[in-house]
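Hi,

Here is the structure I said I'd pass on.

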Amino acid sequence: MPLQSTMIELSRHIVRTLLGIKWALLALALLLAFNAIFTDNFFEIRFQDGHLYGTLIDILNHGSKVAIVAVGMTLVIATAGVDLSVGAIVAISGAVAASLLVERGAPWYVAIVAALVTSLALGLWNGALVVWLRLQPIVATLILMVAGRGVAQLITDGRIITFEDSHLAWFGNGALFALPVPVTMLALVAGVGALLTRRTALGMFIESVGDNEQASRLAGVPDRAVKLFVYTFCGLCAGIAGIIECSYIKAADANNAGQLLELDAILAVVIGGTSLMGGRFFILGSIVGALLMQALTKTLYMLDVSADIAPAPKAIAVVLVCLLQSPAGRELIARWRSRRRGGSA
Amino acid sequence: MTSANVHRLAVALLAALLVGCHKSGPGETAAGDSSSAARTKIRVGFSQIGAESDWRKANTESIKSEAAARGVELIFSDAQQKKENQIKALRNFIVQDVDVIVLAPVVKTGWEPVLKEIRDAGIPVVLTDRRVENEDLYRTFIGADFVEEGRRAARWLVDATGGKAVIVELEGTPGADPAIDRKKGFHEVIAQYPEMKVIKSQSGEFTRAKGREVMETFLKSPEGPSITALFAHNDDMALGAIQAIEEAGLKPGEDILIVSIDGVYAAFEAMVAGKLNCTVECNPLLGPQLFDTIEDILAGRDVPKWIKTEEGVFTRETAAEDIKHRRY
């Protein structure tokens, strides 16, 4: 029974994934429960102009942008790398799309394809620096992080380019299946990522490269191709996020778009249970991590926490999740559990 | 390829990249001939912060064109947001023995040594846009009064609402001078009207995206439906908030009155479209005032320590006419 065995394998996989990301899920659940009690209107959702409207929908909407980048970042981090340039790629992608549309009069689909191809190429550039020049990932991508925003400024001539094109604006403002478009984009990106890594050998290759690069090369894993792929994929993810960001405000803001997004994405990946040392990775975990951070931001807004001190409660929450996930934290919990079990027996 | 070669290639590529990023090095774009025998022309050295925004570009343009119009020789230096570059430029100005040095400092602190060198060389210093800490080291400061901008925004809102409003506020980046001062000025005026209340205040970090996101949250809060006015510390956040208000099914400019600060071109476009009610100008066109002051200093006349820039308040009623005269 191939179908049956597939289903069994799938459900086993789902259970394993959920166990891997339980702390991030738990934190998200706690945060939502907190809001259910203390924040008025938090769960209020109504139907307006053909789509759902409410705070939870906003969290999904804004969280999706970070989550899309985090999906790409997950694969990079799984190879024991990191991509610091995603924020800059977001700025470049938006700048390319808006300037083609407004200044060159290109149709919206040309603008989007050009932006995505540019992002793909920038991701490939990162990968090439890591693979062929053997630069450390943090240094290789730092180059584009520093230079990229300047490139975006050059493209827009240092101005904020605004547009009214309804097609391009749809990606950040429209609705699909009653939800904001970015949610569907996230589902697409995550789906492609999951299919590529879980239905083919690529996922295993990525984990093996992250666990032990030399051993996997000796075992015949095409480590260079794997690395090129993850950086290129991450660049593409950032490009998609760039389209969403510039579409959302109907403007390419080269100076501010994607500012500090690399740190948010890395944080989302770490909260999601993927280790910065590489190896096992959790795409779903990173998405939950991104949503958790967005929910936290939203909660602080709704509780009128002043912007000066808002980073502090955020940091505390992040530290807690990371502590629970750390090897030492896990050991502590395991010991505590076995002692309880021993006591009751 | 040996690893040494790889190394060299990497270094070469990096170097090429870094050079490429700095389209033009910091320096003296229009350095004149300092040994000219007959020096009838006034020579002014101007160290500008950079070209990071439309505001800054308009600022540079105004000063350059005014210098050209008055026949002043302007030695312009773009510091690309780096203090080291500004200090280097200032020392160059001393060597070139200019008549007046104009400085738009990128940060507040750490200017004592170089400003003392300038004082010893006997060259007067005029600051624009931003101030340095030590008041003894410059002749005068020409720049905006952020507190007054906040007051003006508040006064407009008082007039427009008859002193009765439920206000939300989008603040600038926490800790930034304009954010602190604009808030202070606004609240100072609002405090005199018991029926004007600021019910929510959050940072939109001076950007469109954050302005929109925070406004979304304001509108969905329990107090959301009672909001009648928005005060944004800059135009960009107001423009983002306008989108959030429209998304909520409300009419920006009608259901919620919006006042912001800066007076950028996009704000005038929004006023023409009826979506923004008022913008308080933060004027970058300092050229004329700057050179009036320089002429006063060189003629030996006294100048005040702070020369406030001439700034207007623009509303949507006259926006269609005003936008024709806007240059940035």
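Let's start with a helix contact. Leu196, Thr197 and Arg198 of chain A, in α8(A), meet A:Leu202, A:Gly203, A:Met204, A:Ile206 and A:Glu207 in α9(A); contact here means heavy atoms within 4.5 Å. Those residues split into four nonpolar, two polar and two charged (nonpolar is Ala, Val, Leu, Ile, Met, Phe, Trp, Tyr, Cys and Pro; charged is Asp, Glu, Lys and Arg; the others, Gly among them, are polar).

This is a predicted model, where local features need pLDDT of at least 70 and side-chain atom pairs count only at pLDDT 80 or more, while totals for chains, interfaces and linings use all residues. Residues are numbered from 1 along each chain as its sequence is written, chains are lettered from A and ligands numbered from 1 in the order in which they are written, and side-chain values use heavy atoms, leaving out hydrogens and water.

How do the two helices pack? α8 (residues 181-198) and α9 (residues 202-211) of chain A cross at about 80°, with axes 5 Å apart, so they are roughly perpendicular (65 to 115 degrees).

Most residues other than glycine have a negative phi. A:Leu260, though, has a positive phi near 65°, and sits in the loop between β6 (251-252) and α12 (261-271) of chain A. B:Glu205 also has a positive phi, near 50°. Is B:Glu205 buried, partly exposed or exposed? B:Glu205 counts as partly exposed because its relative accessibility is 39% (buried is under 20%, exposed over 50%, partly exposed in between, with a 1.4 Å probe and protein chains only).

Cheers

Terms used:
Axes fitted to C-alpha atoms, helices over the stretch in contact; angles between N-to-C directions. Helix = DSSP H or I, 4+ residues; strand = E, 2+ residues; numbered from the N terminus. Parallel < 35°, antiparallel > 145°, perpendicular 65-115°, else oblique.
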